Amino acid sequence: LCRQRRYQEAAERLAEAIRRYPDDPESINARYLLAECHRAEAERLRKELGEERVESVRRTNLRRVGECLTLAIEGYSFIRQALNQRQEEQPLSSIERKTLRNCYFALGAAWFDLGDYEQANRAYTAAATRYQNEPEALEAYVQIARAHRRLNDPEEARVALQQGQEVLKRLKHRAEFLHTTNSSAQEWETMFDWLKTL
């Protein structure tokens, strides 16, 4: 259902599976997929907003976007907390580590899409702090700057970009960037230089 982009139906099935089998080892994966379905459904509805001419339908869809993003945030938060607690007791598997990382970043993105830029900043700051020794932190700093711009705080945006550049300098010769980000170290350097001019 997810692959067919039938997110609402997929979400109903996943929610039912989680209710029936809350302690199943696959429940974390199901919760993550459920949160992703809610976020994808919000994106689908948001795209339809631009094409919708009937104001009452637009209002209904806008409300649904907010509901879907809120459900996604709840899901990502639950998973982040559960995996952080599990990590205190035992090492996480590779998939669990990636799921945890994705939740840190997805929380920031969902808050940003919801228009709560303060919460987006908190989520991305948590991601930047947790992954400060990994190239992923660079994306967090870019998003923190983006949120500060939305809050009309260009000085804090510049500070975030400067922090990102410092992390880049530290990691530049030690990390493989293209394994976990979409850009090379040189491309990140160019991006930070460009973003600081905006």
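**Entry 1: L171.** Leaving aside neighbours within four places in sequence, L171 is in contact (heavy atoms within 4.5 Å) with Q132, N133, E134, P135 and F177. L171 lies in helix 7, residues 154-171; helices here are DSSP runs of H or I, at least four residues, numbered from the N terminus. Its relative accessibility is 1%, so I list L171 as buried (under 20% relative accessible area; exposed is over 50%, partly exposed in between, with a 1.4 Å probe and protein chains only). I also noted that the C-alpha atoms of L171 and A185 are separated by 8.6 Å, at 14 residues apart along the chain.

**Entry 2: ground rules.** I number residues from 1 along each chain as its sequence is written, and side-chain values use heavy atoms, with hydrogens and water left out. Because the model is predicted, local features need pLDDT of at least 70 and side-chain atom pairs count only at pLDDT 80 or more, while totals for chains, interfaces and linings use all residues.

**Entry 3: nonpolar cores.** I took a nonpolar core as a set of buried Ala, Val, Leu, Ile, Met, Phe, Trp, Tyr and Cys residues joined through side-chain atoms within 4.5 Å. The largest one has 50 residues, of which Y76, F105, L138, L168, F177, W188 and F192 touch the most other members. Elements giving two or more residues to this core include helix 2 (27-49), helix 3 (55-89) and helix 8 (185-195). Helix 4 gives the most, with ten residues. I then followed F177: not counting residues up to four places away in sequence, F177 touches P135, L138, L168, L171, K172, S183, S184, A185 and W188. A second, separate core has eight residues, Y7, A11, A30 and L34 among them.

**Entry 4: helix 3.** I checked the length of helix 3. Its 35 residues should span 51 Å at 1.5 Å a residue, and the end C-alpha atoms are 52 Å apart, which agrees; the expected span is 1.5 Å times one less than the number of residues. The buried residues of helix 3 include N61, C68, Y76 and N84. Helix 2, helix 4 and helix 5 are among the elements that cover the buried residues of helix 3.

**Entry 5: cysteines.** I searched for disulfides (a pair of cysteine sulfur atoms within 2.5 Å) and the structure holds zero. For C68, the nearest cysteine sulfur is that of C37, 10 Å away. For C103, the nearest is also that of C37, 14 Å away. C68 is buried at 1% relative accessibility, and C103 is buried at 0%.

**Entry 6: salt bridges.** I searched the whole structure for salt bridges (a side-chain nitrogen of Lys or Arg within 4 Å of a carboxyl oxygen of Asp or Glu) and found 13. E96 and R86 meet in one at 2.4 Å, N to O. E96 lies in helix 4 and R86 in helix 3, so this pair ties together parts that are ten residues apart in sequence. E96 counts as buried at 17% relative accessibility, whereas R86 is partly exposed at 26%. Salt bridges that share partners join E41, R44 and E48 into one network. Within it, E41 and R44 meet at 2.7 Å, N to O; both lie in helix 2, three residues apart, about one turn of the helix. E41 is buried, with a relative accessible area of 7%, while R44 is partly exposed at 31%. In helix 3, R64 and E67 are likewise three residues apart, and their side chains meet in a salt bridge at 3.2 Å, N to O.
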